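Subject: A structure to look through

Hello,

Please find below the structure that I promised to hand over, followed by some notes on what was found in it.

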Amino acid sequence: MAHKTMSCKASDHEYLHKDFHGALSAGIEYLHTHYGEQAVRDYLREFTRKYYAPLRRAIRQRGLAALKVHFETMYTRERARFRVRLTRDELVISVAACPAITHMKSHGYPVARLFHETTRTVNEALCEGTPFKAELAEYDPETGRSVQRFFRRSR
Amino acid sequence: MISCTEFIPAYSDLFRFLEKRDGKESVIRFWHYLSDYFLGNLQETVKKEGIQGCWTYWSRTLSEEAADFKMELDTQKGIFKGVLRRCPSKGRLLKLKHFKAYPDYCGHCDVLYRRVLEPLGYDFYLDMSECDRATCRFYILRKGDRKPGPKPDVGTSRKKKPGVRTKPRA
């Protein structure tokens, strides 16, 4: 066909462009290579503190329930297999495989050596200034399978 | 994990982080790196399919990004034109009240795509004059198909109000 046109509205499709995981991974690797490990953590921490400011406020106001909603929404949207366990002072999120790593591996995108910092550093920064702490209790770099734990800081 | 739906602010903030560290040059260097190492799929598709590859690439990415867009392909003339009536990325950044986007966020498109397409034999024109409204237009043309003269009209300029002159009369 010599000539064709296509016109779409935003509402015609769901917003889920998983190749963006590959672009973030490329950015992490670039920072790591050119500026070192600490730059990766500084960048992720700065970004988290700014972009997730409303979530961090919600954590201060509503506690771990706010984080639970955040992770459930995110992993559901990304079609991950995950389990969430919330008690009064602890939230544990078990992810069978990181959807970002699954997508990157199946599409041939390299996974940055420090890609796990998008979980560890981001979770830690989410908790800054709140009564909670984050711990990446388990992480498999091959699949991104993880156990993420949030718990009340000891007084 | 940062969801792919929250990538755009992360991307914007990476530009800001690099500029703060090392100036605008470092942002451009990163865009070159990203073009070389991340846009291999665009390069391969256009190498394999020619101008049709632009259609293949952008019909998938813009759909997955839930863009409000129009695309036009003329394989005989070797022209591909894209109109983003509402760029999903810039649109998202403009919506965020608590988060300041990198001022030259849209600049990455010009650098990334040009760097892939020009060595493959295509001219790349991007009109960013309405980026502040999350609107842009781009135009890809097989080199050699364009007659010498002014840049093609990519239908970019905002409509002028009747009676308003843009140039003073001599």
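**Salt bridges and the contact between the chains**

Over all chains the count comes to 27 salt bridges, where a salt bridge is a side-chain nitrogen of Lys or Arg within 4 Å of a carboxyl oxygen of Asp or Glu. One of them has K50(A) in helix α2 (residues 37-51) of chain A and D13(B) in helix α1 of chain B, so this pair joins two chains; helices (H or I, at least four residues) and strands (E, at least two) are DSSP runs, numbered from the N terminus. The side chains of K50(A) and D13(B) meet at 3.0 Å, N to O. K50(A) is partly exposed, with a relative accessible area of 33%, whereas D13(B) counts as buried at 3%; here buried means under 20% relative accessible area, exposed over 50%, and partly exposed in between (1.4 Å probe, protein chains only).

Before going further, please note that this is a predicted model, in which local features need pLDDT of at least 70 and side-chain atom pairs count only at pLDDT 80 or more, while totals for chains, interfaces and linings use all residues. Residues are numbered from 1 along each chain as its sequence is written, chains are lettered from A and ligands numbered from 1 in the order in which they are written, and side-chain values use heavy atoms, with hydrogens and water left out.

How many residues does each chain bring to the contact? Chain B gives 50 residues and chain A gives 51, with contact meaning heavy atoms within 4.5 Å. The area buried between the two chains is about 4,800 Å², and carbon and sulfur atoms give 62% of that area; buried area is the accessible area (1.4 Å probe) that two parts lose on being put together, summed over both. Across this interface the rule finds three salt bridges.

On the side of chain B that touches chain A, the elements that give two or more residues are α1 (7-22), α2 (24-38), α4 (52-64) and β1 (68-74) of chain B. The largest share, 13 residues, comes from α1(B).

**Links within each chain**

In chain B, the side chains of R115(B) and D36(B) form a salt bridge at 2.9 Å, N to O. This pair links distant parts of the chain, with R115(B) in helix α6 (residues 107-117) and D36(B) in helix α2, 79 residues apart. R115(B) is partly exposed at 35%, and D36(B) is partly exposed at 42%. A salt bridge of 2.6 Å, N to O, joins D68(B) to R85(B). In chain A, E37(A), R41(A), E117(A) and R120(A) are linked in a network of salt bridges.

**Two residues with positive phi**

Most residues other than glycine have a negative phi. R79(A) has a positive phi of about 60 degrees although it is not a glycine, and R79(A) lies in the loop between α4 (64-77) and β2 (82-86) of chain A. A134(B), which is not a glycine either, has a positive phi of about 60 degrees and lies in the loop between β3 (122-127) and β4 (136-142) of chain B. Is each of these buried or exposed? R79(A) counts as exposed at 54%, while A134(B) is buried at 1%.

With best wishes
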